[in-house]
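Welcome! Take a moment to look over the chain before reading on, and keep the 3D view open beside this text.

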Amino acid sequence: MSNSITPYHERLLLIKQEKSVTSDQEVLVGIIEDDPAGLNNYFMAGLGLCTLMLRMGAVIQLCRKFESLDDQGDALFMKQVVDNLRETLPSDTNWKNLWVISTHDEKWLAPTLQPKGGQSLLERFVTFRNRFVHQQIRIIPEHVNELSKGIILLDEFVELHQLFSDGE
């Protein structure tokens, strides 16, 4: 079934296949040296898709939460939403927080869960995205370890596209 996420998901998979992107560090160094622009395109497509899913997922969860509130609403929930959105342009951290405070469905809750001593999938994505966008992680051989972890992270996050399968 096609939805608004599908074209971006298919594009990412196509780029990954065409550029032979893998988390294998030896292969990845070769891609960094031979086709850094292609690898950058892969990361831009992946970050774009995942950012779209993060924000749409937060909106979907907010809508579901609002639908489930009684006539008086949930004062604590409303305060959390307002406090979280005080910024003029909400950051991905804000979108992650909205997803976290709104969700109750098990399949939507899974990416918010923190393993003991670790970060949730949503937190790991926001951290990687910020580090990549602010060029703390660059397409250079010295950053192959972080790039490899980023590919693994994107692969994991992209699986969330299944959450949107009922959307039109």
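This briefing walks through helix packing, aromatic rings and one proline. Please remember that the model is predicted. Two packed helices are described by the angle between their axes and the distance between the axes.

**Helix α1 against helix α3**

- Start with helix α1, residues 6-18, which packs on α3 at an angle of about 155 degrees, the two axes being 9 Å apart.
- Because angles over 145 degrees count as roughly antiparallel, α1 is roughly antiparallel to α3.
- Their crossing is left-handed.
- On the α1 side, the residues that meet α3 are Tyr8, His9, Arg11, Leu12, Ile15 and Lys16.
- On the α3 side, you can find Gly38, Asn41, Tyr42, Ala45, Gly46, Leu49 and Leu52.
- Sorted by class, this contact between α1 and α3 has 7 nonpolar, 4 polar and 2 charged residues.

**Helix α3 against helix α4**

- Helix α3 spans residues 36-68 and helix α4 spans residues 75-84; their axes come within 11 Å and cross at roughly 155 degrees.
- That angle makes α3 roughly antiparallel to α4.
- Here, too, the crossing is described as left-handed.
- Leu62, Lys65 and Phe66 of α3 make the contact with Phe77, Met78 and Val81 of α4.
- By class, the contact of α3 with α4 has 5 nonpolar residues, 1 charged residue and no polar ones.

**Aromatic rings**

- How many aromatic pairs does the structure hold? There are 7 aromatic pairs.
- One of them joins Tyr42 and Phe43 edge-to-face, with 5.3 Å from centre to centre and 70 degrees between the planes.
- Is Tyr42 buried or exposed? Tyr42 has 0% relative accessibility, so it counts as buried, since the cut-off for buried is under 20%.
- Phe43 is also buried, with a relative accessible area of 0%.
- Ring pairs link Tyr42 and Phe43 with Phe128 and Phe132 into a cluster.

**Pro111 in its loop**

- Where is Pro111? Look in the loop between α6 (106-109) and α7 (121-133).
- Pro111 has a relative accessible area of 3% and is therefore buried.
- Leaving aside neighbours within four places in sequence, Pro111 is in contact with Trp99, Ser120, Leu121, Leu122 and Leu160.
- From Pro111 to Phe157, the C-alpha to C-alpha separation is 8.4 Å in space, while in sequence they are 46 residues apart.

Definitions and conventions. Residues are numbered from 1 along each chain as its sequence is written. This is a predicted model: local features need pLDDT of at least 70, side-chain atom pairs count only at pLDDT 80 or more; totals for chains, interfaces and linings use all residues. Side-chain values use heavy atoms; hydrogens and water are left out. Rings of Phe, Tyr and Trp (its six-membered ring) pair if their centres lie within 6.5 Å; planes under 30 degrees apart count as stacked, over 60 as edge-to-face and the rest as tilted. Buried means under 20% relative accessible area, exposed over 50%, partly exposed in between (1.4 Å probe, protein chains only). Axes are lines fitted to C-alpha atoms, for helices over the stretch in contact, and angles run from 0 to 180 degrees between N-to-C directions. Helices (H or I, at least four residues) and strands (E, at least two) are DSSP runs, numbered from the N terminus. Angles under 35 degrees count as roughly parallel, over 145 as roughly antiparallel, 65 to 115 as roughly perpendicular and the rest as oblique. A crossing is left-handed if the near helix is turned anticlockwise from the far one by less than a right angle, and right-handed if clockwise. Contact means heavy atoms within 4.5 Å. Ala, Val, Leu, Ile, Met, Phe, Trp, Tyr, Cys and Pro count as nonpolar, Asp, Glu, Lys and Arg as charged, and the others, Gly among them, as polar.
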